[in-house]
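Me: I am new to this structure and would like a close look at a single part of it. Could you take me through one loop and then show me what lies around it?

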Amino acid sequence: MTGQLVSGDGRSGDHRHSRPLSRADVCVAACADLFADDGEILASPMGLIPSLGARLARLTSAPDLLLSDGEATLLRPDGEPEGWLPFRQVFDVVAYGRRHVVMGANQVDRYGNQNISCIGAHERPARQLLGMRGAPGNTANHRTSYWVPRHSRRVLVEAVDVVSGVGHDRARAAGLRFHDVYRVVTNLAVFDFETPDGAIRLRSVHPGVEPAEVTAQTGFAVRTDDVPVTRTPSAAELELLYTVLDPDGRREKEVPTP
């Protein structure tokens, strides 16, 4: 095993004085780390685990982060309104890169091209999905990360069937000024694109995950030498998760602990 599930203070999850630690907790902390050093920008997390991550970041490492209800209201981490962002001003936020969106992905390839549109040829798809939605504009205009709750070769693919979100290869060819596909967080690992050609790189594997499991479940070659283990949330972060952010444990249904 690459590492067992332990709390951020180094104690095992079943210690009498520590909170239980799960794979979902590690994923929430990894999503919180997406927003580290972002400053006063608009966080737009889509889905439960990314939303918990953004709220956890606001309470810990990123106090200037702006949280939205997805419409016009800015929220405190407890969900209470703290401001108003009318629709016409959202375009100002988007156009100048002052936003970090975390989207899902049905497919992501080695350069961060994302597909949420359909499986198969666009002209005659085998399966219809969400459609392009805001993916082209998100990836062209501000920082974008992806959350993948079920890491598999069907999701992390050599080449996406349809490009919804623009990856680093296409952005470079098109000269997109504000393009910033940042990271991919999955239930097994964290990836980034900090390579000379913008190709994906394995940044860390979650505690209890062997690098070989990541390579077996990824549809393109991944280097696994000297890959660290994803950090575990601190005792204070776990306390927030268990008592404030998700006391009902909804996160465990999205990412069960093996």
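Reply: Let's start with Asp37, which is found in the loop between helix H1 and strand S1 (42-45); helices (H or I, at least four residues) and strands (E, at least two) are DSSP runs, numbered from the N terminus. Before going on, please note that this is a predicted model, in which local features need pLDDT of at least 70 and side-chain atom pairs count only at pLDDT 80 or more, while totals for chains, interfaces and linings use all residues. Residues are numbered from 1 along each chain as its sequence is written, and side-chain values use heavy atoms, with hydrogens and water left out.

Asp37 counts as exposed, at 79% relative accessibility. Here exposed means over 50% relative accessible area, buried means under 20%, and partly exposed is in between (1.4 Å probe, protein chains only). The backbone of Asp37 has a phi near 65°, a positive value in a residue other than glycine. As background, most residues other than glycine have a negative phi. Asp226 also has a positive phi, near 60°. Asp226 is placed in the loop between helix H6 (211-216) and H7, and it is exposed, with a relative accessible area of 78%.

Asp64 has its place in the loop between H2 and strand S2 (66-68). With a relative accessible area of 49%, Asp64 is partly exposed. Leaving aside neighbours within four places in sequence, Asp64 is in contact with Gly39, Glu40 and Ile41, where contact means heavy atoms within 4.5 Å.

Helix H1 (residues 23-33) is largely enclosed by the rest of the structure, because 10 of its 11 residues are buried. Among the buried residues of H1 are Arg23, Asp25 and Cys27. The cover over the buried residues of H1 includes H2, strand S10 (143-148), strand S11 (180-186), strand S12 (189-192), H7 and helix H8 (251-254).

Two pieces of that cover, H2 and H7, also meet each other. The axes of helix H2 (residues 48-59) and helix H7 (residues 235-245) come within 11 Å and cross at roughly 115°; axes are lines fitted to C-alpha atoms, for helices over the stretch in contact, and angles run from 0 to 180 degrees between N-to-C directions. On the H2 side the contact is made by Leu52, Arg55, Leu56 and Leu59, and on the H7 side by Glu237, Leu240, Val244 and Leu245.

Strand S10 is another piece of the cover, and Ser145 lies in it. Ser145 is buried, with a relative accessible area of 0%. Beyond its neighbours within four places in sequence, Ser145 is in contact with residues including Leu34, His100 and Tyr182. Arg143 lies over the face of Tyr182, at 3.8 Å from the ring centre. A charge sits over a ring if NZ of Lys or CZ of Arg is within 6 Å of the ring centre and within 35 degrees of the ring normal. The charged end of Arg251 likewise sits over the ring of Tyr242, 4.9 Å from its centre.

To place all this in the whole, the protein chain has eight helices and 13 strands, and buried residues make up 49% of its 258 residues.
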